[in-house]
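This report goes through one predicted chain, beginning with a single residue and ending with the chain as a whole.

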Amino acid sequence: SICRAMEDIAEEKLSGGAHHEKLMHRAIDIVCVRPARNLDAAPRAGEVVAMEAYERIVRKALADGENNTQLKDRLTAAGIAVEQATAAAAAYQSRLPEMQACMMEATSQISGPYLADVDWKVNLSLASSTASSLRKPWVQLALYLEETGAARKEVVMELDKAQLDMMIEAVSNLRQATARIPL
């Protein structure tokens, strides 16, 4: 649990902020499935426990969308010295874009393309070759999909009001369903 992880990190109290920064970097390497950086020596038993604790904390912070200030506050509230919490949170912040990219890459490997961007515009059809007065609004959505190692793909859709309402409802239902998934 996260509470036990905090206790494990607090046991490394004798070490300074730089040591906790190094532990956080090692934990981030584990999260991103990367070879550990700058290994001067094999980690001690207490360091392994602290790295594993930081790994759990990093995963929870990423899932909750925490920034470095929120992470630092959580660490200090759990009894981690301010210097150590500040150093660990700074390491987290410095590698946040890298971790987000790693998570996106890992997700796309199991789920395929993901929505990278959306562009839209509203149009109003005033007339057509068969009707002199339409006044029919419609939306053009351009969805940009990305997949690891593949070129960006554009999917364009034209929706009338009823179709757009159905799509918005479906996305809302999906959002509610994913919010109920425990992390």
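Glu154 is located in strand E3; helices (H or I, at least four residues) and strands (E, at least two) are DSSP runs, numbered from the N terminus. The model is predicted, so local features need pLDDT of at least 70 and side-chain atom pairs count only at pLDDT 80 or more, while totals for chains, interfaces and linings use all residues. Residues are numbered from 1 along each chain as its sequence is written, and side-chain values use heavy atoms, with hydrogens and water left out.

Glu154 counts as partly exposed because its relative accessibility is 46%; buried means under 20% relative accessible area, exposed over 50%, and partly exposed in between (1.4 Å probe, protein chains only). Not counting residues up to four places away in sequence, Glu154 touches Ala142, Leu143 and Tyr144, where contact means heavy atoms within 4.5 Å. The side chains of Glu154 and Tyr144 are joined by a polar contact of 3.4 Å. Such a contact is a pair of N or O atoms within 3.5 Å; within protein, one must be able to donate a hydrogen and the other to accept it, and residues adjacent in sequence count only if both atoms are side-chain atoms. Between the C-alpha atoms of Glu154 and Leu115, 39 residues apart along the chain, the separation is 10.0 Å.

## The sheet

The 3 strands form an open sheet in the order E1-E2-E3, with antiparallel pairing; two strands pair if DSSP finds at least two bridges between them. E1 (114–125) and E3 (153–160) are the edge strands, each pairing on one side only. E1 is joined to E2 (residues 136–146) by 11 bridges, and Asn123 stands opposite Trp138 in E2.

The largest nonpolar core has 22 residues, and Met24, Tyr54, Val58, Leu71, Leu75, Tyr92 and Met99 have the most contacts inside it. A nonpolar core is a set of buried Ala, Val, Leu, Ile, Met, Phe, Trp, Tyr and Cys residues joined through side-chain atoms within 4.5 Å. At least two residues of this core come from each of H2 (17–31), H3 (45–64), H4 (68–77), H5 (82–94) and H6 (96–111). H3 supplies the largest share, 6 residues.

Leaving aside neighbours within four places in sequence, Tyr92 is in contact with residues including Met24, Val58, Leu71 and Met99.

## The whole chain

The chain has 7 helices and 3 strands, running α-α-α-α-α-α-β-β-β-α from the N terminus on. Of its 183 residues, 29% are buried.
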